[in-house]
Amino acid sequence: MNTVANVEDSGYLHDPEVQLMLRAKKGDDDAFSKLVVAYQDRLTTIFFHMTQNQEAAEDLVQEVFMRIYRARHGYQPNAKFSTWLFRIANNLAINAHHSKVRRKEIALPTGESSSQNSIHPDDRLLAEKSAMTPTRQLDKRELQAVVQQAMDQLNERQRLTVLLHRFEGMSYQEISDAMELSVPAVKSLLSRARDTLRQALEPYMQMGK
């Protein structure tokens with residue numbers, strides 16, 4: 001009874017994506033497909049920035065939706081759908097990172113040729129959304145590489161926090177819920193990330209003056 005009451009009282013029932021997930025819970029695969037379409041490219045972009053590997057990013061996206069699909073029958077709307085989804089994505093990214101460390105995998109080369117070939121089209125969005133974009137006078141591909149190299153200097157949590165804040169426009173509280181951190185911890189991660197990005201991008205900002 002309490003569970004039912006909590007669901008009925010949930011303030012998240014007005015979230016259209018929660019409604020889609022509730023329909024998926026009842027067996028509506030079309031509703032689930034709409035959620036996949038809404039988030040697959042966004043998640044791929046985020047995972048790509050986390051892994052620097054397009055194939056690995058796509059595999060992680062597939063795993064996120066597989067987990068959600070498998071869990072659909074027990075779904076409870078206790079948060080915005082996006083918060084729940086990014087919480088799963090965060091846990092997967094952490095697990096993938098730990099597995100990578102354990103296997104001592106070799107990172108992809110970061111030379112000019114490799115970075116140009118591996119740049120995802122949505123990197124342009126990162127450059128445009130970045131408040132620290134140094135200058136539009138730089139060649140776009142060079143700029144994408146510069147921003148990516150700056151992002152690579154962030155640790156996993158800092159990078160994900162920046163991506164959720166910049167790409168997804170999530171609030172501190174939403175990021176806090178998704179990453180299961182306190183709001184002050186999220187602010188601290190973002191602050192340190194901004195300092196690192198500012199230092200990394202400052203030489204290019206000077207070039208644009």
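**Exercise 1. Find which helices each supply at least two residues of the lining of the second largest cavity.**

Solution. 
- Step 1. The helices are α3 (29-51) and α5 (81-103). Helices here are DSSP runs (H or I, at least four residues), numbered from the N terminus.
- Step 2. List the lining: Leu 43, Ile 46, Phe 47, Phe 86, Ala 89, Asn 90 and Leu 160. Lining residues have an atom within 4 Å of a cavity point; a cavity is a set of points on a 1 Å grid where a 1.4 Å probe fits but cannot get out.
- Step 3. Sort by class: six nonpolar, one polar and no charged residues.
- Step 4. The whole structure holds two cavities of 30 Å³ or more.

This is a predicted model: local features need pLDDT of at least 70, side-chain atom pairs need 80 or more, and totals for chains, interfaces and linings use all residues. Residues are numbered from 1 along each chain as its sequence is written, and side-chain values use heavy atoms, without hydrogens and water.

**Exercise 2. Work out which residues of α4 are buried and which lie exposed on the other side.**

Solution. 
- Step 1. Buried (under 20% relative accessible area, 1.4 Å probe, protein chains only) are Ala 57, Leu 60, Val 61, Val 64, Phe 65 and Ile 68.

Conventions: Buried means under 20% relative accessible area, exposed over 50%, partly exposed in between (1.4 Å probe, protein chains only). On a 1 Å grid over the protein atoms alone, a cavity is a set of points where a 1.4 Å probe fits but cannot get out, and a pocket is an open set with protein on both sides within 12 Å along at least five of seven lines; lining residues have an atom within 4 Å of a point. Grid points are joined across faces, edges and corners, and a volume is the space filled by probe spheres set on the points. Ala, Val, Leu, Ile, Met, Phe, Trp, Tyr, Cys and Pro count as nonpolar, Asp, Glu, Lys and Arg as charged, and the others, Gly among them, as polar.
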